[in-house]
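Hello,

Here is the structure I promised to pass on. Please open it first, then read my notes below.

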Amino acid sequence: MKTSILTIMLTSASLCLANNPQLRADNIDEIIKNLTIEEKARLLVGRENSESDKGVPGAAGVTQDIPRLGIPSVVLTDGPAGVRISPTRKGDNATYYATGFPVGTALASTWNQELVENVGKAIGNETLEYGCDVLLAPGMNIHRTPLCGRNFEYYSEDPVVAGLIAAAYVNGVQSNKVGTSIKHFAVNSQETNRIEVDEIVSPRALREIYLRPFEISLRTSNPWTVMSSYNKLNGTWTQSSPELLKTILRDEWGYDGLVMTDWTNERRPSYERVAAGNALLTPGHDWQETDIIEHVKDGSLSMKDVDEQVKILLSMIVKTPRFNHYNFSNRPDLDAHAALTRQASTEGMVLLENRNNTLPLNKTGKVALFGKTSYDFIAGGTGSGNVNKPYVIDLKTGLTNAGFTIDPKLQDYYEAQKVLNDKIRAISGESSRYDEPAISRRNIEKLAADNDIAVITIGRQAGEGRDRDIDGDFNLTQNERELIENVAAAFHAVGKKLIVIMNMGNVMETASWKNIPDAILLAWQPGQEGGNSVADVLIGKESPSGKLTMTFPITISDIPAVNNFPTGTGPNNRRNGKNYDYSNHEEDIYVGYRYFTSFDKPVSYPFGYGLSYTEFKYSKPVVKATPDGFTASITVTNTGNREGKEAVQLYVSAPGKDMIKPARELKDFSKTSLLKPGQSETLTFTVSADDLASFNDEASQWQTEAGTYNIQFGASVDDIRAKAPYVQKKALTKKVNNVLSLKRELNTISPQ
């Protein structure tokens, strides 16, 4: 009897499958015809990973499955610095750690697209081998101010850097046949009230600064998905803006991939996000399915729009490893990836100061290692940009591994502070915000007598959901300032030197204290091998070649955008007490170096700046017209006595007759290979006439001005080493849709 029932059940299941088509890459239209409205709504609404047994523990979320049609659930996982999943699993003794790579600012500061692509390949491999399908990265929003808490995930204040570095990352990840999600589209410029804030931006600034990196990335890579941001843009939620998600993204740029929402909870209604062009609502809630169904039935959401988004989603699903039955191993090569992160982080470190060739150190010795983050090194940021890493090499360990001896009494003192911090973290769930512990001058003088060199690490942490404060975060604390001054005085008095290591993912104030140490190394948040990577640079095993992808101002008030930033210096977007419901982008296109160069404002360190252990000469600048713009080349020669790499930046100064233009703008960049002393390499750049265009708000068109352009080869935006002219013989215009216009007056700044 049991056998007969089983036979009947199997026969019924076979008939059911026979009557239902099964999803394939070539029958998506047929599948859509077989879906009920309830199933379509189910597909368009994601689910938190914790609500499903289909996913990977600790992953961000999943899509929902339709078993009768062979549609599987696929897994979405964070994040930009490595795969973010749970390292342990209930009832399982194995561990599932992922490699902690350098944060976005560190990767971008390499100026090395090939290296970033290799990092992407490694992260993509871990995505694949841990059973995930889409990596929710890279983050590529513009550094509007240094106070944005999430800048560590992003790449630059410049759209060309952000776009090309993001494209390299995407190409690397997706070489593993897993997807990416470039985010957050668009103008996610702050974390304070990020779900409600209305970013008020002129069409010109929007097109030239904030949308441009996404356009560049889409032009030079093909990310499977784009993530629509939380905020409003000129009065409309970006997630509900067909002007952004359809008119610009699809009609103008030709994107045919999937758009998903950022992780939005109770914002109602949901159906308008589907109509606007989102094929996946995340994290997903039951009421959203009901909302979609009800609005299809009452006619306010067309079935055509629903079917269009379902088709886009299914087109993505059929590319995934899970759909294609990839037998993932759960065993990526973590050792090889650790070696890669050690290399990548050293190349992104920026040598800010190096007086009297203090670095590299020519011998090991006894080190007085100051600073709480020397012993509790910050490998990466918090939130979705964090990674559950197998370990973090702190600076104490890195220096010890390199042969240095750490002063034991100073080590004991700081490690006792770390124990205290860990206890507070265990009780409260948060790290304590205790300041850098004070050390008396007398004790510092004893340490100066007993040790060969002093190293101070200044650390800063930031993350999703919170912006940075000026005092005690952007600026030094009083204890930190006194520590730098007292250590320098004591060690200099006995002929010894002080090195400062900056362990952070963002910009901080340096102008008031940078002349005190003998050397300053900006190590960023360099990933799990951070301590070893710093030591590699200090001893000259690796030559620093990182350069800044953002400006270090003299004071925070020098940045015009902080007048319209919630933790900044101005009241212009403060409403209802501590709520910030809009942010006026009065700085317009003058973000970062565009402002400082155009308004002749001094800075602490300019965009593109970074020292090396060797010297480079630029020669033989050549610019040749092409049918679509020009090519430019420069020969770079290592004229020093150590090997090294040089990142060359190509800037353009426009004629500026038809429109007011910034003093100069980056149009391309490249990096040499490792050059030995005396060795040369010629770098070539390609710039199109479209790349030279500016956006005319009134005419809603891109305009490339005719005339002579000054092509500049720079070691930084303030260090132009060679120039050559380019003549654009014909003015060009390109009309685009008049969308995302201002709904209120915006008083923008101008250098004229």
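Helix 3 and helix 12 are oblique to each other. Keep in mind that this is a predicted model.

The numbers behind that pair are simple. Helix 3 covers residues 37–44, and helix 12 covers residues 303–317. The two pack at an angle of about 55°. Helix 3 passes helix 12 in a left-handed crossing.

Which residues meet there? From helix 3 come I37, K40, L43 and L44. Their partners in helix 12 are M303, V306, D307, Q309, V310, L313 and L314.

Next, look at helix 13, residues 334–348. This helix has 15 residues. From first C-alpha to last, helix 13 reaches 21 Å, close to the 21 Å expected at 1.5 Å a residue.

Several residues of helix 13 are buried: H337, A338, L340, T341, A344, S345, T346, E347 and G348. What do they pack against? Three helices are on the list: helix 4 (104–108), helix 5 (113–129) and helix 20 (530–538). Strand 11 (350–354) and strand 21 (665–671) are on it too.

Last, the cysteines. How many disulfides does a search of the whole structure find? The count is zero. Two cysteines to look at are C132 and C148. C132 is buried, with a relative accessible area of 0%. C148 is buried as well, at 1%. Both values are under 20%, so both residues count as buried.

Best wishes

Note on methods
Residues numbered from 1 in each chain as written. Predicted model: local features only at pLDDT ≥ 70, side-chain atom pairs only at ≥ 80, totals over all residues. Heavy atoms only, no water. Helix = DSSP H or I, 4+ residues; strand = E, 2+ residues; numbered from the N terminus. Expected span 1.5 Å × (residues − 1). Buried < 20%, exposed > 50% of the residue type's maximum accessible area, 1.4 Å probe, protein only. Contact = heavy atoms within 4.5 Å. Disulfide = S-S within 2.5 Å. Axes fitted to C-alpha atoms, helices over the stretch in contact; angles between N-to-C directions. Parallel < 35°, antiparallel > 145°, perpendicular 65-115°, else oblique. Left-handed = near helix turned anticlockwise from the far one by under 90°.
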